[in-house]
Every structure is written in structure tokens, then in C-alpha cells.
Amino acid sequence: MTDRSKITTVNSSVPTDWKSDAMQARIGRRYRRERIFRSLGLAAVVISVLFLVFLLGNIVKNGAYGFMQTSVSLDVTFNADLLGDPSVLSAEEFTEKVRKTNMLRLIQASMRDLFPDVKGRRDTRALLRLVSTGARAQLRDMILANPSLVGNTERVELLTSDDIDQVIKGNIDITLAEANRKVKDKELSWLKTLQDDDRISLDFHSQFLTGGDSREPELAGVWGAIVGSALTLMVTLVTAFPIGLFAAVYLEEFAPKNRFTDIIEININNLAAVPSIVFGLLGLAVFLSVMGMPRSAPIVGGLTLALLTLPTVIIASRASIAAVPPSIRDAARGLGASPMQVVFHHVIPLAMPGIMTGTIIGMARALGESAPLLMIGMVAFIVDIPGSINDAATVLPVQIYLWADSPERAFVEKTSAAIMVLLFFLIAMNGVAIWLRQKFEQKW
Amino acid sequence: MINTPTETNLDTVQASPKMAARGVNVYYGDNHAIKDIDLNLYADEVTSLIGPSGCGKSTFLRCLNRMNDTIPICRVSGQILLEDDDIYTSGIDVVQLRARVGMVFQKPNPFPKSIYDNIAYGPRIHGLAAHRTDLDEIVTTSLEKAGLWQEVKDRLDTSGTALSGGQQQRLCIARAIAVNPEVILMDEPCSALDPIATAKIESLIDELSGRYAIIIVTHSMQQAARISRKTAFFHLGEMVEYGDTTEIFTSPKEDRTRDYITGRIG
């Protein structure tokens, strides 16, 4: 008690005893608190990093196989009786004939050679189901690209059905009782025969990156969604960037400071926090109902996302415009530059890195949005690759949502693979933002 | 109470002033920053505005080319004449006014562009150069007048912000000269510079004094004494005394001036 009073006495004539026990204990406590604070911070970082690693690890683990697909090699005889003779028929007639031919008969013929014992319609159908339904189109394209195949027997690699693919990838537990699994014993024994014959292979599957959506997991691809996302983002960028930039310039440089502009400012900040699905409802009401734009189209999606991105762009642009030193404005004004010249010659160029960074961050957010697009019909099942901003399309996050919702086991890995594609684009966009900031950053 | 400049100037034979303030009052909202100032500013001489911080000398300076326009709460009454035109009421375009009345700021503020573009910016926006060769000529002569040519002639395309503080300030002076102004306002141009750079700026001001009317705000009384012919002393928004620099510093008429010069106020 006496020690303590000695320490706390202010202005006492006795010099402070920095070596006293009470003082030492105080210092000890201070260091202890410091250590606790630091370890708490470190723990928080470690926990978040662990979660991130777990998330990414899980996605990569699930998704890596999504880029690969099982194929079966079959010796297909391209029967000229069935397909028509390209040397006799004209090119159009041949194409027409090939298109009309049921390619399943070619597959069936080659399967019969491999499994001569399989008899009966039911078994034959089951045998044919080892091969993907897309194999027919695969064969057709092969013949049309190379008519000289007709009349020959070639070993061709055809996709297997998604169930066989899942067995090969180890996602279907074949130790379960037959009744509890999708792939039956008979099919497994055929598969075994094919494997022993070295006809089954698991390879990189480029169609996942170049194809459109499909009901069959082995045929589904993300290219349609990538193009849809690109078109949508293009519309978003073209609308949100100039509008956001000019709004920011006006508010920051020209608008009078009064109650009205204060209200606008507050509301812009509020808009940035509005749930995205609300913007979807707005898009639905304005662009589809009132303006009658096409449903599911990137133009509507882009405009809706532009509404969502605008507050971000405006806030980021205003911040970087405000960060341009007033001395530069003074310098330009002092030389007789008009207010518009000050803005266009000096303020905007200097603020551009920040504006671009903000815009790209906003774009990245728009790229990851799905909720508002559900409202305007971009959630449809669309197989074709969109060719313009008026075509029906879907976007990457919605595609992920659709696949995650699909019952087939094989869509699990496709979902994760699509997430990886989306993350790749997000990381790429953020990388560009960082690069731009570093490249154009001004030192004062 | 306040010496009217017209009285103090009666003995000096002068042509008509280049710029003149007639009963100028400036208000920032309710704050009466400048009170009833009358002042004549003549071509081909340097006028110093001195006074303690917050006395309104910078505010007055910024009225002379209407740089205060951008401050919404700032209100100016009275007349400020450039030759015979009132710059606040007549049809003078602000943009043109600022080309005629140039300004150099306290902190060197070159544009983050090349040295060449810094100088060329003013002539470009005012269309002073018809050809690239004319522009080159303007850049060269402006840098020569500002005494910077020898130092930067080999690196005109490097950034103006890469120069030293003193060089930056001379670049800013060259930039102001490039639009061929009649008056140059300088707002404490040396306060951010070291003594050597300050000396260079001062000798530059001395060289320029024959060609332009120079009005300089300074906190350094030695500087005012060294470079200016006329000095005006401001205190609390009033102009206390105006006259020949030597007179102000050796035999001030007002007590407040004497107190400031001897360091008792300020």
C-alpha cells in the first residue's frame, strides 16, 4: 500500500523509484498483456488460414477429377453400307446420311465383337450404357471431319458413361451390396474385362473447358458459362465504369455541398450494403417487365450487376479522386485551367489506378454473384454457347449452383471443378487489380 | 488609423498601378478575414506581404487571381483592378485572368509529368504555341528565365517530381512564366526549401522583377528586406502599413509594425 502510494503520487519531490517491486510487477504485467494480445492475433490468423486451406484443399481434392474423364477404346468398323459411300455420294448427301445414321449401331457392332456372350435385349442395352450417350455425337463428328474413315476399322476412344467413370475414379463403393449401388455386378465384370484388355483410360478432358452444359456429367462443360460470364461482365463494365466514374467526378469535384448531396452520398453508401437479390428484383421489374428486354440474356444480367457494382465503383472512385493532392488542382487552376481541364488533365489520370482497382474489385464481386441473376432468369438450363448479349446464357456461379443441385454423383466433382475455374478468374482479376495499382501508383 | 496607400505613395513617382485593391473585404462565412484593404501593386517591382500567421496576407494574395473562388464560403467585396478592369465584376474570364496573373505556391507542386510537359501544359491549354517548335522555344526560354535550363536540359523527359525541392520550385516558377503572365503571385515560395535553394529562388525573383509585377507573401522579414522594393504589413486582417521596404524596416510609422519587426508580436 505504501509502495503503491509512492508510485501514484504526482509531483512528489521524491524521484520515482523505477526499480521498486511494484513497478517491476507493473512492467511484467504489461509485457504479459502484450504477449497475450499478440498470440490472440496470431491465433486468429492461423484459424482463418486453416479454414482457407481446408476449403481450397477440399475443392481441389473434389474438383481435380472434374477435369478428367474415363474413356474406353473400341474397335469401330465404319460400315459403308450404313453410313453411305463418300466417294459416290456428294458432300451434302453424305453429311445428310451420316447425320441420319444411328451411331449406336456402330458401337453395338464393336461391343458385340468384344462380348459375344451377351445376349438378350436387356443385357445388350446395359452393355451399351457403358458408353456415354455423347459417344454417338463423338463418332458422327469424327466421320464428318474425316470421311475416309468409312469402310475401315479404327480403334477410337469414346467417353464412358458417368457411372463407369465414377467407378474408375473410386467414387462408387463397389464393396456395397449390389442392390445398394448404381453399378451392378454384371457391369463391373464387363468393366473388368475391358480393363484387363487395357481399353479403359482416364485422361484430361478438354470438353469440360470447351463445351456447354449438359444433363450428362461426362459431357457437361463450363465454356458456355465462361462466355456468359464474360458477356455479362462486359455489359457491366461498359455501363458501371463510365456512370460510376462520372458520378464520382461530379460528386467529388463539382457538386455543391448541401443537404441534397449529403443524402445522395449516404444513400450510395447504403446501396453498397443492400443484399444483392434486391438488385435482382429491381432488374426483373425494370429491365424485364417495364423495358421488355430478353429473359436470361447477358444484357439484362450485365445491367443488373451494373446496378450492384455502381456503388462500389463510385465509392472507390471518389476515394481515389479525393486522394489526389489539392496542390495539383491548385497548380492547374493557377495556370488557368478550367475546372473541366483540371479534372480531365490531372485529377482523373492521377486517380485512375485507384478507380481501375475499385472497378476490378467491383467486377470481381459481380463475377461471383448468382442471386440477382436467378431473379432475371439466368438460371435456365442452357446448352448452347451464347453468341451475343441477347442470347440466353448462364454464368459461372449460377452454373455451379445448377450442378450442385443435380442428383448425379459425377456432378459433385464438376461443381468443384467449376468452382476452381471461377476462383481462377477471380484471382486473375484481383491480380490484375494489384498489378495496375503497383504499376501506376504515384508517389508524392 | 490606417495609412491609406495613396497617401504614402504620393512622394514616389509611379505610373498607374498594374493591380490595385480598393476597399477589399473578404469573409469566410461569418469570419471577417480581410478588412477594407487598399493597395497598389506596380509592374516591374516586387511587393512583399508580411505579417503573423493568420493575418490574411495569403487570403489577400489568392484574391488577386480569384483562387478563392473554389472555397464556397468565401465572399469578396470591394474592387480588385487589373489595369482598369475589376476582376470580380467585369467580363474577365477567370481562366484568362489566371493566365495573366500567375501563381507559385508554398509547397512546390509540379505535375507528375515530364519536365517538358510541366512547362508546356499552360501554353497548350491557352493555345500559345502553334507548332511544336514554338512550344520547344517556350519551354527552353521559360527554363532559362527560371535558371533551371542548365540543370535539366538533358533530361526534359524525366518526371518533374524527381527534381530536388528547390529545382521543383524553380520548375513551378518556369511553369508560371511559360504562359507569359503580367503578374506573378508567390505564396511563401521558399518556406519548404533549404537556405541554398532559397538563395537561388531569391536571386531568381530579383532577375524577374524587371519583367513582371511580383507579389510575394513571406514569413521571413529578412527575405522581404532582401528582395522587395515595397512591403505591406498585415495584422489581423488589416493592412497596417505599406511603403518602401527600407522605410518599413528602418523607421516604421506604426507601433504594430515596429512590434512585429522587433519580434514583440507575431
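**Close-up 1. Residue classes around the second largest pocket of this predicted model.** The lining divides into 13 charged, 7 nonpolar and 5 polar residues. The space inside comes to about 490 Å³. Of the 25 lining residues, A:R125, A:L128, A:R129, A:L130 and A:V131 are the closest to the centre. Helices α5 (104–114), α6 (121–128) and α8 (162–168) of chain A each give two or more residues to this lining, and α6(A) supplies the largest share, 4 residues.

**Close-up 2. The largest pocket, lined by residues that include A:F254 and B:T70.** Here you can find about 640 Å³ of space. Its lining counts 24 residues, and those nearest the centre are A:E252, A:E253, A:F254, A:R333 and B:T70. The most come from α15(A), with 4 residues. By class, this lining has 13 nonpolar, 9 charged and 2 polar residues.

**Close-up 3. Where chain B meets chain A.** The contact brings together 17 residues from chain A and 22 residues from chain B. About 1,600 Å² is buried between the chains, with 64% of that area given by carbon and sulfur atoms.

**Close-up 4. The salt bridge between A:D330 and B:R62.** The closest N and O atoms of this pair are 3.7 Å apart, and the count of salt bridges between the two chains is 1. Look too for the 4 residue pairs in polar contact between chain B and chain A. On the side of chain B that touches chain A, α3 (94–100), β6 (101–104), α4 (115–126) and α7 (165–178) each give two or more residues; α4(B) gives the most, with 4 residues.

Notes:
Residues are numbered from 1 along each chain as its sequence is written. Chains are lettered from A and ligands numbered from 1 in the order in which they are written. This is a predicted model: local features need pLDDT of at least 70, side-chain atom pairs count only at pLDDT 80 or more; totals for chains, interfaces and linings use all residues. Side-chain values use heavy atoms; hydrogens and water are left out. Contact means heavy atoms within 4.5 Å. Buried area is the accessible area (1.4 Å probe) that two parts lose on being put together, summed over both. A salt bridge is a side-chain nitrogen of Lys or Arg within 4 Å of a carboxyl oxygen of Asp or Glu. A polar contact is a pair of N or O atoms within 3.5 Å; within protein, one must be able to donate a hydrogen and the other to accept it, and residues adjacent in sequence count only if both atoms are side-chain atoms. On a 1 Å grid over the protein atoms alone, a cavity is a set of points where a 1.4 Å probe fits but cannot get out, and a pocket is an open set with protein on both sides within 12 Å along at least five of seven lines; lining residues have an atom within 4 Å of a point. Grid points are joined across faces, edges and corners, and a volume is the space filled by probe spheres set on the points. Ala, Val, Leu, Ile, Met, Phe, Trp, Tyr, Cys and Pro count as nonpolar, Asp, Glu, Lys and Arg as charged, and the others, Gly among them, as polar.
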